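Me: I would like to go through this structure by asking what stands behind each label, with the value set against its cut-off. Please begin with the cut-off that the first label needs.

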Amino acid sequence: MKYPLDCEDNFEKSLLFWLMRYVKFKLSSLSNKELKNPEALGEVNLMLNRGVKNIEELDALTKKARNAGLNGVNTYFNPLKKLYEYLCHYRLYSLKQIDENLIIEILASITGSLSDASKKNYRIAMINFFDYLDKNNEEDEKAHVFDISLKNWAGVAGYKGVKLPEFMSEDELSKFLNAIETTDFKSNTIRNRLILKIIIFTGIRVSEALHIRMKDINEENDLYTIRIRGKGNKYRVVMIKKELIEELLKNVKINYASQDALLFVNKKGTPLTQAYISRIVEQILFRAGIRKQKNGAHMLRHTFATLLYKKQKDLVLVQEALGHASVSTSRIYTHFDNEKLKLAAEIAQELNNNKTNDDVFNIDDENLDIDENNLNLDEKNEQ
């Protein structure tokens with residue numbers, strides 16, 4: 001069914017209406033291969049049919065759908081939530097006032113500190129949303145076409161804007177592991193220690209760790225092999241020395257109420273969330289006295305990959321261990337190879353040691369005749 005673009009007298013209500021319609025559309029078009037709770041998704045769709053009162057309510061429903069297993073919905077909704085908040089400050093009277101220049105102006109404000117990968121997500125979300133509007137608005141048998149393509153948006157600058165991932169040094173990692181052993185999570189201590197150690201010692205994604213089942217873990221001599229379901233339902237195997245997690249694995253409590261027989265669930269059998277794991281990591285970093293700009297659980301994966309490359313200097317090994325589709329994705333970790341930088345420092349030291357005292361220049365400051373007032377230091381004229 002198609003609706004007038006300005007279906008409410010109020011701009012904010014009209015935009016909220018279309019965001020709600022768009023979220024409902026995405027819930028039915030995204031892959032449901034990882035859907036764990038169909039009942040929860042049904043409740044979300046029912047609430048969306050009834051309508052939402054504000055952006056916070058829509059945000060809560062979107063998170064509920066994500067927790068039910070539709071993980072991709074956040075990739076589309078979070079950028080649009082930011083767009084909604086900014087557009088409301090512009091005090092527009094009609095959605096028809098939105099054009100590509102305005103979207104670019106807003107993107108420049110809200111994505112300045114983001115990585116290129118995040119900026120690409122924002123670009124995709126904007127294009128997808130306004131394409132949906134183009135196809136679903138109609139008034140007097142005519143549709144308003146936004147034609148938002150963002151071809152001229154310079155926010156994404158290829159690999160020039162790629163930020164180095166946050167990671168822990170070997171000393172910091174040692175402190176972090178000690179903090180894991182001394183942190184008391186009450187009845188969840190063994191479970192929490194186990195998932196953190198599996199992530200830090202294998203480099204798997206948090207989402208991959210949350211999908212591990214006991215039957216995915218097998219013994220092979222002094223190793224555990226863990227079958228991992230990665231992005232795009234691609235499977236791979238990672239290995240970890242038995243001595244690192246054997247006692248934890250033997251004593252972890254299995255909740256057989258878990259519908260998918262998952263290893264890492266709460267008392268009700270509900271899977272743990274990535275947000276919960278990140279909060280655990282933040283607490284342990286604080287206890288260890290480690291301060292990072294980004295202190296979420298994904299940093300553990302970056303730490304594993306960084307140390308793996310520094311020790312082995314094997315980019316293909318990093319690619320296989322982390323489950324990257326392309327070795328170019330793994331290449332970011334070569335930036336942490338300090339051996340070449342140390343070589344550059346040693347060469348500079350050699351140059352300094354090779355200087356001779358015969359080359360000393362004697363300058364008498366008192367007799368140095370320079371008119372500073374007439375000295376041309378115009379940086380604009382420098383070539």
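Reply: A residue counts as buried when its relative accessible area is under 20%, as exposed when it is over 50%, and as partly exposed in between. The model to which this is applied here is a predicted one.

Me: Why is cysteine 88 called buried?

Reply: Cysteine 88 has a relative accessibility of 17%, and because the label requires a value under 20%, cysteine 88 counts as buried.

Me: How many disulfides does the structure hold?

Reply: The structure holds zero disulfides, where a disulfide would require a pair of cysteine sulfur atoms within 2.5 Å.

Me: How do you know that the span of helix H11 agrees with its number of residues?

Reply: Helix H11 runs over residues 274-288, and at 1.5 Å a residue its 15 residues should span 21 Å. The C-alpha atoms at its ends are 21 Å apart, so the two values agree.

Me: Which residues of H11 are buried, and what puts them on the same side of the helix?

Reply: Ile277, Ile280, Val281, Ile284, Leu285 and Ala288 are the buried residues of H11. Around the helix axis they cover an arc of only 135°, and therefore they lie on the same side of H11. Their packing partners are helices H7 (170-182), H8 (189-202), H9 (206-209) and H12 (298-312). Phe286 and Arg287, by contrast, are exposed and sit on the face turned away from the buried side. Just after H11 comes glycine 289, with a positive phi of about 75°.

Me: What makes E1 and E2 a pair of strands?

Reply: Pairing requires at least two bridges between the strands, and E1 (residues 217-220) and E2 (residues 223-229) have four, in the antiparallel sense. One of the bridges joins glutamate 220 to leucine 223 in E2. With two residues between them the strands form a hairpin, and asparagine 221 in its turn has a positive phi of about 60°.

Me: Where should the coordinates not be read in detail, and why?

Reply: The mean pLDDT of the chain is 83, and 85% of its residues reach 70 or more. Over residues 157-161, however, the pLDDT is below 50, and this stretch has five contacts beyond near neighbours in sequence. Residues 377-383 are also below 50, with one such contact.

Terms used:
Residues numbered from 1 in each chain as written. Predicted model: local features only at pLDDT ≥ 70, side-chain atom pairs only at ≥ 80, totals over all residues. Heavy atoms only, no water. Expected span 1.5 Å × (residues − 1). Buried < 20%, exposed > 50% of the residue type's maximum accessible area, 1.4 Å probe, protein only. Arc of directions from axis to C-beta. Contact = heavy atoms within 4.5 Å. pLDDT = per-residue confidence, 0-100.
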